[in-house]
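Please look over the points below with the sequence and the 3D view side by side. They concern how the chains meet.

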There are 2 protein chains.
Amino acid sequence: MIIPVILSGGSGTRLWPLSTPEKPKQFLPLVSRHTLFQETLKRLEGLPALSAPIVVCNELHRFLVAEQLREIGTKAAAIVLEPEGRNTAPAIGVAAALVMASEGMAANSKPASGAILLVLPADHVIADAAAFRVAVENAVKAAEAGRLVTFGIVPTHPETGYGYIERGAEEGAWWGVERFIEKPDRGTAEGYLANGRFLWNSGMFVFSVAALEAELERHAPAIHRACKEAAAAAKIDADFTRLGPEFHASPSDSIDYAVMEQTDRAAVVPLDAGWSDVGSWDALCEVLERDTDDNALRGDVVSLGASNCLVLPGMRKVALLGVDNVVVVDADDALLVMQRGQSQRVKELIRLFRSERSD
Amino acid sequence: MIIPVILSGGSGTRLWPLSTPEKPKQFLPLVSRHTLFQETLKRLEGLPALSAPIVVCNELHRFLVAEQLREIGTKAAAIVLEPEGRNTAPAIGVAAALVMASEGMAANSKPASGAILLVLPADHVIADAAAFRVAVENAVKAAEAGRLVTFGIVPTHPETGYGYIERGAEEGAWWGVERFIEKPDRGTAEGYLANGRFLWNSGMFVFSVAALEAELERHAPAIHRACKEAAAAAKIDADFTRLGPEFHASPSDSIDYAVMEQTDRAAVVPLDAGWSDVGSWDALCEVLERDTDDNALRGDVVSLGASNCLVLPGMRKVALLGVDNVVVVDADDALLVMQRGQSQRVKELIRLFRSERSD
């Protein structure tokens with residue numbers, strides 16, 4: 001039995017002004033008519049032994065989550081509300097604890113023991129869903145053999161914005177993990193790309209509840225304890241699962257640091273399926289379909305002599321005239337006009353606007 | 001006595017989407033807090049013997065004109081409503097006929113005979129108003145000597161979008177006109193710039209009512225007759241002067257073709273005062289003040305690494321990130337993002353939008 005755990009707590013500031021704290025990028029229809037959150041669930045359809053998902057999200061977004069689940073006809077096992085974001089380790093730990101306790105879960109979703117968690121951020125894009133499901137099935141086999149599995153994205157370019165995983169020995173449909181590596185510099189990343197043993201650390205995981213619980217207890221006991229207690233004290237409030245106040249006591253840490261880099265049971269399954277974390281406007285440009293001028297134009301757009309441009313919604317007509325490599329994001333309360341390749345500076349822009357407002 | 005005749009009938013499509021048929025560019029505050037129409041009147045302040053202006057406009061814009069006059073405290077001698085645009089010759093002819101007849105004019109504005117008309121399009125920019133007024137005074141002297149005067153702009157670059165005037169013999173504060181020249185090709189324009197005897201044809205004129213009437217009757221009798229009759233049948237309707245239906249009988253022609261290029265009484269006064277007809281977004285970029293990054297940014301704009309850009313109003317925040325030489329016009333119903341240097345293609349864009357709408 002595979003229980004998807006959908007991590008929906010991200011704030012997505014790098015896709016400002018379309019992505020806002022009130023409606024971050026996982027809840028936007030960026031690459032299809034469905035939102036990234038909805039696509040994350042829909043691409044699981046066809047997996048064997050698939051159970052209802054657990055969604056972990058910020059309390060602020062609970063109605064967005066409930067409505068977007070309703071739109072695609074998905075009934076969650078639980079919509080778990082984090083009273084505050086504490087990074088991925090507590091979010092996953094609490095999901096595992098709820099499954100262990102069968103507390104705070106809808107009555108018809110009580111998991112069998114030996115349940116496998118498929119942990120997925122809600123804001124990733126995967127073009128080839130079939131290839132992804134094959135990788136998941138391999139990862140489930142490894143998890144059933146007691147391994148904590150991470151998906152390693154087969155690199156397409158010398159990216160310096162991600163951590164890397166050096167794979168170890170092949171063990172059938174998965175590999176051991178030689179080591180986890182922090183974001184490299186450009187030259188190192190080029191070496192990794194050429195070498196072939198290095199994969200991007202994707203933030204997607206598969207492990208059994210039992211294995212995760214054991215390794216969390218061993219390597220991150222404070223997180224483990226807080227998650228256990230918060231899950232035990234959880235209350236079902238209509239459609240939502242509200243955690244006990246013990247959650248606040250958990251240290252804030254990523255599952256990578258807290259568990260994956262510590263455990264000797266890590267394994268990696270390679271994934272070559274058009275993955276993107278859509279972490280910037282430039283990244284979004286890479287995954288969208290283009291027209292014959294290499295433009296990706298949404299909404300009511302007319303272009304004349306424009307190329308390599310991205311235009312996103314807005315309520316108005318947009319006209320592009322002779323521009324190249326420009327990103328235009330026409331959001332409700334702000335308009336962004338950006339040269340492609342500059343998207344790492346969006347956070348600076350947001351700071352500039354904030355400081356201007358407080359003048 | 002100098003009577004300004006302000007030609008306000010232009011439709012200004014090349015500044016789409018800010019300039020629209022409902023509110024064309026002369027009624028927009030493009031270069032200051034006043035509109036181009038208001039600036040056209042305000043730069044006359046200080047001229048001796050200045051009379052109340054006659055404004056000739058499209059019926060559609062009558063309340064815009066009345067309100068913008070009210071805002072700057074100017075009382076017009078007449079706001080003449082054209083039932084349809086018939087180019088500049090009938091617009092000027094009708095103003096002259098109204099002055100001759102003292103018909104359709106406010107009672108306190110009856111002109112003396114020998115009145116001089118100062119004909120100004122409402123949508124030009126002139127940076128140096130004092131230099132302009134000196135040129136006007138010289139032109140008035142020529143007009144008082146019976147000449148029909150055009151202002152010749154001292155060229156600053158080899159422009160191919162304007163007609164040129166080759167000046168003739170010097171006659172004191174003005175020059176004779178050797179010939180009028182259609183828009184030249186690039187090489188010819190470069191020759192004109194180097195030569196020094198060639199000036200841009202500005203579309204601004206000074207002549208006495210009597211001289212204009214005589215030359216119009218001689219060279220464009222059908223226009224002259226229609227204007228006479230339309231003025232004689234004019235009715236004052238509250239604040240507006242409504243022309244008789246005879247106006248429709250006038251041929252449509254420019255004052256340049258109908259009179260200036262025909263008469264042997266033409267003279268030219270050079271004008272070197274930062275003139276622009278603001279005929280395109282690129283032209284507007286040239287006349288606006290820039291910040292240290294050579295950006296001209298209006299409204300709530302934050303820029304980071306942007307240069308040589310123009311941003312115009314809109315109700316929202318605008319963020320520029322790393323773009324160079326881009327024009328952003330955030331109008332109510334459409335957004336334009338344009339590479340500088342492409343503004344001659346705006347009319348094509350408008351056609352594209354229209355054909356899309358009719359699909």
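1. The contact, counted where heavy atoms lie within 4.5 Å, takes 37 residues from chain B and 36 residues from chain A. This is a predicted model, in which local features need pLDDT of at least 70 and side-chain atom pairs count only at pLDDT 80 or more, while totals for chains, interfaces and linings use all residues. Residues are numbered from 1 along each chain as its sequence is written, chains are lettered from A in the order in which they are written, and side-chain values use heavy atoms, with hydrogens and water left out.

2. Between them, chain B and chain A bury about 3200 Å², of which 65% is on carbon and sulfur atoms; buried area here is the accessible area (1.4 Å probe) that two parts lose on being put together, summed over both. Of the area that chain B buries against chain A, 23% comes from B:Arg316, B:Lys317 and B:Leu321, more than from any other three residues.

3. Four salt bridges are found across the interface of chain B and chain A, the rule being a side-chain nitrogen of Lys or Arg within 4 Å of a carboxyl oxygen of Asp or Glu. The side chains of A:Lys317 and B:Asp333 meet in a salt bridge at 3.9 Å, N to O.

4. Chain B can be laid on chain A with an RMSD of 0.0 Å by a turn of 180° and a shift of 0.0 Å along the axis, superposed by least squares on the C-alpha atoms of residues with pLDDT of at least 70 in both. That is the relation of a two-fold axis.
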